[in-house]
Amino acid sequence: MRIPLSWLREFAQVPAGATAEDVMAELVKVGFEEEAVHRPTDTLQGPIVVGQVLSLVKEPQSNGKTINWCQVRVVPEGREQTLTGDGIDPSGVQGIICGAHNFVEGDKVVVTLPGAVLPGDFRISARKTYGHLSAGMIASVRELGIGEDHDGILVLSRIGLDPEIGTDAMELLGLYDEAAEINVTPDRGYAFSIRGVAREYAHATGTAFTDPAAKVQAPAVLAGGYGVKLNDDAPIYGKPGCDRFVARTVRGVDASRPTPPWMSARLRLAGVRSISLPVDISNYVMFELGQPLHFYDQDKLSGEIVVRRAVAGETLTTLDGKERALDPEDLLITDDTGPIGVAGVMGGASTEVSEATSTVLIEAAHFEEVSIARSRRRHKLPSEASKRFERGVDWQVANIAAQRAVDLLVELAGGTADEAGTDVGTAPDAVSIALPAAFAGERIGIDFTEEQIVTSLEDLGAAVEKYDGGWRVTAPSWRNDLETKEDLSEEIARLVGYDQIPATLPVAPPGRGLTRVQQQRRRLIQAFADAGLTEVLAYPFVSKAANDTFGIAEEGAPRSAVKLANPISEEQGFLRTSILPGLIEVAKRNHSRGFRDLAVFEAGLVFLPAGQVGTASIPPLGVKPADEVLDALYDGVPDQPLHIAAVLTGHDSPAAASHTPRPWDWADALDIARLAGDVLGVELVVSQGRHQAFHPGRAARLSLRSGEVVGYAGELHPKLLAAHDMPERSVAVEINADVLFEAAADVIVARHISTFPVATQDVALVVPQDVPADDVLTALREGAGELLEDVALFDVYAGKGIEDGRKSLAFSLRFRAADRTLTAEEASAARGSAVALAASRFGAVQR
């Protein structure tokens with residue numbers, strides 16, 4: 001919101017010497033954010049004065065152009081020229097070359113004298129051109145930076161001005177004014193007006209505020225005016241789209257009259273260009289009081305106005321000349337011919353006010369916020385009116401704004417107002433809030449006095465009534481955001497001063513902190529980072545093909561995924577069911593930029609729908625849904641477990657002198673998986689696995705001792721790597737971290753470190769080729785008994801000396817007792833028991 005200071009001073013006591021920066025500094029105190037300063041004099045400097053064309057000689061040139069050699073008086077006849085400088089004629093008459101042809105002798109114009117600076121750092125000086133010494137420039141509105149018209153010179157009589165020669169044109173056109181721009185949050189729509197900002201400035205400075213609405217003398221009752229009906233048969237959330245419609249008629253309007261410079265200057269500083277007198281008046285009232293208006297050419301209306309919802313198939317050509325297909329949810333202004341405007345958003349072209357308009361019908365209505373917001377977004381029609389309506393407009397100000405527009409049309413456009421008028425609708429119930437005496441202090445942390453609380457609320461415009469234990473507060477009509485005692489507490493803190501709130505660090509209550517799962521998640525991610533992997537974040541949106549490949553192990557198996565209703569890209573229109581597609585895209589992007597030795601990981605959610613996703617309907621806003629409705633909403637949310645995955649490509653280290661880097665392989669992927677288990681104290685069972693995204697012979701299935709599969713690790717499928725232009729033998733791992741968290745013990749207890757020596761024995765067993773090594777290791781562990789401390793596979797051999805279809809597995813067994821030194825016989829006996837169990841289960845034969 002831009003606030004011209006001259007306008008603000010009409011209703012708030014802004015010091016004469018205050019700048020836009022000073023005003024913003026005060027408004028920051030009451031919760032606004034400063035945005036920018038708009039000051040014409042930053043780019044426009046005098047001397048710029050009113051001049052009168054004494055003579056104009058047309059001189060054709062050899063290039064086909066005709067120029068005007070003008071003599072322009074810039075000082076009243078008989079007075080001395082007080083300005084000095086190179087090129088300023090002491091006689092008060094300047095010789096000026098001008099290429100425009102829309103003015104004649106006797107016209108009063110704006111003259112930029114030598115020494116002036118125009119926007120764009122265009123400096124005016126006396127210069128010889130077309131055979132004359134041109135000392136100055138006769139300016140257009142675009143050259144002055146006050147409009148876009150560059151077709152001709154600004155002739156002052158055409159904008160209703162007849163100033164004295166030599167008058168300071170910058171003051172005449174309001175160019176010494178400046179505007180402060182602030183950011184208005186969505187809950188403070190009242191501040192989209194000079195009325196609202198002036199009230200806030202008075203709050204911030206403790207000075208008096210004059211309500212512009214109080215200066216307008218509006219009729220207490222309006223009747224007998226233009227016919228209007230409110231007929232909303234499909235209200236959104238049960239709230240009628242329009243609950244007040246004020247209509248006033250002004251006849252005999254001269255719509256071709258120019259807008260007064262003071263009005264156009266203020267609108268320009270407020271960020272709105274001057275269009276025509278009626279349109280400028282409607283905008284002026286909107287910025288002053290916060291009530292958007294719409295003007296109709298009443299002679300173009302047919303029958304009474306009806307405010308209703310659109311009918312399927314209806315269309316409307318709006319003021320911007322575009323034909324728009326209307327939605328049954330759109331709130332419309334209609335007459336007997338059909339739609340003539342989208343309520344609160346934009347009017348229709350058929351009833352537009354033009355220079356030929358003589359009878360103006362003024363609309364000042366109150367529309368429901370959601371209806372306007374939805375129509376504005378649906379039709380992509382942001383406007384100053386919709387910006388205010390969708391944030392909330394003061395219901396009580398509609399008739400006052402209409403009267404203000406009537407007064408301006410009578411004063412500036414020569415119209416005559418009808419005494420009759422229209423005011424239909426039902427006032428909303430006043431919001432009454434119970435505020436316990438101690439609530440605000442407990443909420444904010446300040447011991448507010450009773451005077452501070454009552455004064456702050458009354459300054460807002462609220463009615464405050466005391467009762468036992470507190471106050472009953474009736475919010476003002478322009479503060480539709482005040483609904484609860486928390487809202488009132490925030491306002492009290494804001495007006496007393498945010499700087500009064502003590503900066504006290506809260507003390508965490510004992511026994512609080514990270515939850516068990518949060519701690520596990522942090523440990524897991526930190527372990528991956530400590531192992532040398534780089535954490536990345538990939539998009540959770542993937543293609544259907546990516547989900548089909550990575551989301552399920554068996555090719556062609558049924559798979560479900562959540563499809564996005566409005567994807568950023570149709571090629572990536574699904575939520576991911578695996579982390580790996582995003583990691584592979586990250587790796588691919590880095591490879592394309594020359595980074596080929598990578599070890600990246602990500603911990604994130606995947607989305608696994610089961611059954612119905614979502615609900616058949618959306619609960620209404622503004623009311624807490626019932627428990628069963630919330631349960632249905634939660635039931636419709638897909639399962640979102642946390643997965644952690646890694647992709648490794650290239651080599652484990654950079655090449656260097658006397659060092660050959662080692663390529664990543666499937667064993668590295670397994671090591672990362674085992675690291676995850678070790679960090680959480682969960683034993684992972686590794687077995688031969690098959691997954692369509694992994695190499696058919698170099699993939700491991702990761703599971704718990706219970707048999708539940710938690711993920712896969714190994715070398716990615718060669719065809720997949722080729723399709724993504726990835727290096728051969730790239731490896732990956734993906735684990736369902738939530739399953740690991742569930743299986744992990746609450747507390748990981750370290751084993752006692754024995755002081756007795758270890759007894760180590762090796763054994764090589766020949767087993768059938770299809771027997772997994774992990775199954776044999778498990779049998780050895782079970783058979784060896786409690787003396788076995790650890791067992792590890794260190795060699796696999798198949799070849800000479802081993803029968804076809806069989807392989808040799810070599811294991812290292814570590815034995816230790818907690819209370820004594822083991823004898824060789826005890827260790828050998830335990831080893832023999834282990835071998836015996838492996839023989840009985842798998843037919844293992846010791847080599």
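In the predicted model, lysine 485 is positioned over the face of phenylalanine 439, 5.2 Å from the ring centre.

Four aromatic pairs were found in a search of the whole structure. In one of them, phenylalanine 367 and phenylalanine 389, the ring centres are 5.1 Å apart and the planes meet at 70°, so the pair is edge-to-face. This pair joins distant parts of the chain, with phenylalanine 367 in strand β22 and phenylalanine 389 in helix α9, 22 residues apart. Both phenylalanine 367 and phenylalanine 389 are buried. Phenylalanine 528 and phenylalanine 601 form a tilted pair, with 5.4 Å between centres and 55° between planes; helix α14 holds phenylalanine 528 and strand β30 holds phenylalanine 601, 73 residues apart. These two residues, phenylalanine 528 and phenylalanine 601, are likewise buried.

Beyond its neighbours within four places in sequence, methionine 1 contacts residues including Ile182, Phe287 and Arg388.

Glutamine 403 is located in helix α10 and is buried, with a relative accessible area of 7%. The side chain of glutamine 403 makes a polar contact with that of arginine 248, at 2.7 Å. The C-alpha atoms of glutamine 403 and alanine 213 are 10.0 Å apart, although 190 residues separate them along the chain.

Terms used: Residues numbered from 1 in each chain as written. Predicted model: local features only at pLDDT ≥ 70, side-chain atom pairs only at ≥ 80, totals over all residues. Heavy atoms only, no water. Contact = heavy atoms within 4.5 Å. Helix = DSSP H or I, 4+ residues; strand = E, 2+ residues; numbered from the N terminus. Buried < 20%, exposed > 50% of the residue type's maximum accessible area, 1.4 Å probe, protein only. Polar contact = N/O pair within 3.5 Å; in protein donor to acceptor, adjacent residues only side chain to side chain. Phe/Tyr/Trp six-rings, centres within 6.5 Å; stacked < 30°, edge-to-face > 60°. Lys NZ or Arg CZ within 6 Å of the ring centre and 35° of its normal.
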